[in-house]
Amino acid sequence: MKDKVYTWQNDLWRQLASAGDRRHHALLLRGKRGIGKFDFAVQLSKALLCEVPDARGFACDACPSCNWFNQSNHPDYRLLTPEQDAAEDEDAAPAKKTGKKSQISISQVRELGDFLELASHRSGGVRIVLIHPAEALNASSANALLKMLEEPPPSAMFILVTHQPQKLLPTIMSRCHKIDMPVPTRQDALAWLEQHGVAEAEPMLEYAGGSPLAARDSLDNDAGKLSELWKSLARGARMDAFSSAPQFVSHGMEIAITVLQKWVYDLLATRLTGQIRYHASLQGALQGLAKSVDLGLLLDYQRKLDEARKSATHPLNNEMQLESLLIQYTQLFLTQTKP
Ligand SMILES: [Zn+2]
């Protein structure tokens with residue numbers, strides 16, 4: 001049978017699945033991005049609502065409750081995520097780009113009040129509220145939620161998921177049972193990536209800072225081609241900005257600029273501390289470049305990339321903008337590296 005949680009989550013699943021009535025009414029799942037926290041929370045919600053969970057506590061995927069859940073219309077389940085900014089709805093892929101700005105509004109939390117006051121639709125069943133990411137709660141919506149956590153309605157269960165627990169109200173934190181979500185070992189993460197057909201799993205995992213899901217997602221639009229971009233960057237002053245720009249742009253501006261940002265981060269790190277974060281397998285190339293890079297220009301360039309990142313959602317002149325960024329990149333190096 002296919003596993004419903006990630007291998008690195010099995011132990012935690014066992015603990016939670018066997019907790020039964022001792023389970024806290026509010027769980028806070030916290031941990032870094034890209035390790036499957038949200039997927040875990042969804043599986044847990046579905047399992048708690050399922051009428052005939054299996055021996056390991058997983059949802060059966062066949063009962064009426066599971067069917068409702070799979071069709072996203074379970075009457076005893078609410079998922080709270082940030083509301084989309086209406087103004088940016090026309091954008092190509094607004095979810096990722098506006099995600100940081102968007103908030104979970106107080107009206108969204110107030111609507112929970114009505115939901116929680118009703119009895120569960122299944123006799124003896126729970127009602128589940130999943131909030132993701134919890135740091136998207138603003139001051140007023142967090143306070144409204146706090147009231148519910150302080151006096152939880154019977155059989156209601158809250159699951160909060162967060163990458164940034166430091167942004168939550170301490171009073172909310174203290175009302176929740178905090179769970180540090182397991183991070184896969186390098187070996188687990190590589191095995192998972194290979195199982196999902198990710199070529200070049202090792203550099204991709206490094207690039208994603210050790211988060212396997214982030215590594216997979218960074219490939220979603222064009223599998224395996226990031227290494228082409230790294231090869232271009234590794235040429236330093238000898239890179240041909242004009243022929244490279246279309247390759248970068250083909251990944252979309254946001255990804256293209258992220259690739260540059262991470263590369264420049266490692267270039268700077270190589271120069272200053274020797275500690276590489278995202279491209280360990282390209283250490284040799286980075287060390288070569290770091291010797292000839294002008295530190296002042298590099299710092300300026302890093303700021304320019306941050307600026308470019310902010311406007312990366314505007315589709316105008318992508319290729320020209322990227323050409324210009326790549327030309328500036330080739331000018332960071334004091335001396336031409338010999339081929
Ligand atoms: Zn079921």
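## Helix α6

Helix α6 comprises twelve residues, 139-150, and at 1.5 Å a residue it should span 16 Å; its end C-alpha atoms are 16 Å apart, which agrees. The expected span of a helix is 1.5 Å times one less than its number of residues. Helices (H or I, at least four residues) and strands (E, at least two) are DSSP runs, numbered from the N terminus.

## Basis of the model

The model is predicted, so local features need pLDDT of at least 70 and side-chain atom pairs count only at pLDDT 80 or more, while totals for chains, interfaces and linings use all residues. Residues are numbered from 1 along each chain as its sequence is written, and side-chain values use heavy atoms, with hydrogens and water left out.

## Burial of α6

The buried residues in α6 are Ser141, Ala142, Ala144, Leu145, Leu146, Met148 and Leu149. Buried means under 20% relative accessible area, exposed over 50%, and partly exposed in between (1.4 Å probe, protein chains only). Their cover includes the strands β1 (26-30), β3 (127-131) and β4 (156-162), together with the helices α5 (106-117) and α7 (170-175); contact here means heavy atoms within 4.5 Å.

## Backbone geometry in the loops

Most residues other than glycine have a negative phi, and most peptide bonds are trans. The bond between His132 and Pro133 is cis, with omega about -10°; Pro133 lies in the loop between β3 and α6.

Ser155 is partly exposed, at 38% relative accessibility. Asp61, in the loop between α2 (37-49) and α3 (64-70), also is not a glycine and has a positive phi, of about 70°. Its relative accessible area of 32% makes Asp61 partly exposed.
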